Amino acid sequence: MPIGSTPPPRTPVAPPARTPPASPPRAPVPPAGGKPPAAAPSRPHGKSVRPASRPEWLALKAHGGKLMPTHLRDLFKTDERRGTRLCAEAIGTGIYLDYSKNRVTDETMQLLFKLLAASEVTQKRDAMFAGAKINSTENRAVGHVALRMPKSGMFNVDGRNVVPEVHAVLEQMMTFAGKIRSGEWRGNSGRRIRNIVNIGIGGSDLGPVMAYEALKAYSQRELNFRFISNVDGADFHEVTRDLDPGETVFIVCSKTFTTQETLTNANAAKQWVVTTMRDPKAVARHFVAVSSNLDEVKKFGIEPANMFAMWDWVGGRYSMDSAIGLSTMVAIGPENFRALLSGFHAMDSHFRSAPPERNLPMLLGMLAIWNNNFLFGAETVAVLPYSNYLKRFPAYLQQLTMESNGKHIDLEGMPVAFETGPIYWGEAGTNGQHSFYQLLHQGTRLVPSDLIGFCQPVDGSSVEQHDLLVANLVAQGEALAFGKTQEQVIADGVPAAMAPHHVCDGNRPSNTILCEKLTPQTLGALVALYEHAVFVQGVVWNIDSFDQFGVELGKHLAKGAAAEIAAKGGKSTKDSSTSALIKRYQRFRKAV
């Protein structure tokens, strides 16, 4: 191509459909809501249509091929109202979604809605809210929506309305939070508690950390909140090194109270408190538990009255509005925590009642499927919150999305024939602009993006400074969509020889989620928005979004590796690589 001519825009090409692996599938699972058979016989594979065989799926695949060459510049040029048409608002949540910068047409959206209907998303949504055991691989209800229902709500698990139990735990949490915040709760030596340390991992850590950082402006500042999750002893050391155990309460979060990483850190904390205070009874005043295992909690030394219940119908990554959020309630206070729950419930109500064309979770979920499966083969999604308070939100979404939909077997027990679960990642704006946005704008990989912003600051930021933040938000969406042509670059005075280096192809899809203000209620609605979008994707892909057997494998193998490390000799049962690594570690560990 001659220097100075306009290069054709780079069009990402979707990868071919995945070829199902040759290995035999595991035994299929019973249908959602069904009663588990005694011997778990195989489920007939012909009972439901596989997603990629649906006429609606095939129609979208053909449509995607036709739309691939289309540029967003042309879509906006031919429809001056596009930016005000392709948008939706969840009334009562303060959340507005602009999806006009996705490469979609009205036909695209109609085809997506047909796939959504054929996949019975609304029926399965209603089954979830009715307490059906839609987590079919574990034969469990999926009840996180019950955690934010009002007292008058109904959510039946095995014929029992569990909402009263939820509110009983909320009342218990409010009492404890009130005592800590007022100074009524005293440590074993009679001193006021000033430090609250949450010990957990996965959903028992990511949710509380994210919520605390997001709502720090609403927190009681004289209290100090910290979080321990990593089994690496450095995490415990750095968190506690400048704390006084006499002024510290640990919240140990583990549903089973057997989670290896959490219990290792909890026992380190217990030793630290007892050794420093020289009183084994100090545990009762410096530890509380969030768990469902009363026997193990008592064995640890925590008073039964200081255990806050969890339930097996709430998955860890969906639990930040349960007692797992105890540290959040202590930080922001019971009233703000209730506002957080009301935001969750408001999005739940929107998800249950809004038609697909105005339903934010359905729109977000189906657009992700469009980019992942039909147009781009997009392997990742960038989450870009333009709020420093939401700096931990991308990490929180990583678990929510990737642990939920990182699955290769469908509900029929068969390998999926397409990509599921894109990789979610991101960073707060504007920091990310000086880090990885170069790849977003000019890289060879196409990355759909979710830009999240707020119309009002929550702290003492000047209006001018917040205006600049929001200006960067909208400018990035504009740049991703429209880019800059070679003609525009040359018109700006760039020499023709250098012009290709300055060209940004644009045509890169993004959603803009604009909220009124980052309040507890808005945060709850925002989290619920992604929860339900993940659910929509899982239903369309015909996978179980609520199990996580892949996580369990590594934990199981770690126990065997730990046993071999402790044995310090003998014949290894591991492969040659793993065995050599263990022996090398033992050799250097012995030197220490």
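Modeller: Helices are DSSP runs of at least four residues in state H or I, and strands are E runs of at least two. Counted that way, the protein has 22 helices and 13 strands. Keep in mind that this is a predicted model.

Colleague: What makes the protein as compact as a globular protein of that length?

Modeller: Its radius of gyration is 26 Å. The globule rule gives 25 Å for 592 residues. The two values are close, so the protein is as compact as a globular protein of that length. Along the principal axes, the C-alpha atoms fill a box of roughly 80 × 65 × 60 Å.

Colleague: How do you know which strands are the edge strands of the open sheet of 5 strands?

Modeller: Read the order: β6-β5-β7-β8-β9, with parallel pairing. An edge strand pairs on one side only, and that holds for β6 (224-228) and β9 (307-309). Neighbouring strands here are turned by 20° against each other on average, direction ignored.

Colleague: How do you know that β5 and β7 pair?

Modeller: Pairing needs at least two bridges. Strand β5 (residues 195-199) and strand β7 (residues 248-253) have 5 bridges, in the parallel sense. Within this pair, I199 stands opposite V252 of β7.

Colleague: Which helices lie against those strands?

Modeller: Helix α6 (residues 163-182) packs on the sheet and touches β5, β7, β8 (287-291) and β9. Its direction makes about 145° with that of β9. Helix α9 (residues 260-277) lies across β5, β6, β7 and β8.

Colleague: How do α13 and α20 cross, left-handed or right-handed?

Modeller: Right-handed, for α13 and α20. The axes of α13 (residues 334-353) and α20 (residues 520-541) come within 7 Å and cross at roughly 40°. Residues of the contact include L340 and F344 of α13, and L529 and F535 of α20. The contact of α13 with α20 divides into 13 nonpolar, 6 polar and 2 charged residues.

Methods. Residues are numbered from 1 along each chain as its sequence is written. This is a predicted model: local features need pLDDT of at least 70, side-chain atom pairs count only at pLDDT 80 or more; totals for chains, interfaces and linings use all residues. Side-chain values use heavy atoms; hydrogens and water are left out. Axes are lines fitted to C-alpha atoms, for helices over the stretch in contact, and angles run from 0 to 180 degrees between N-to-C directions. Contact means heavy atoms within 4.5 Å. The radius of gyration is taken over C-alpha atoms; the globule rule is 2.2 Å times the number of residues to the power 0.38. A crossing is left-handed if the near helix is turned anticlockwise from the far one by less than a right angle, and right-handed if clockwise. Ala, Val, Leu, Ile, Met, Phe, Trp, Tyr, Cys and Pro count as nonpolar, Asp, Glu, Lys and Arg as charged, and the others, Gly among them, as polar.
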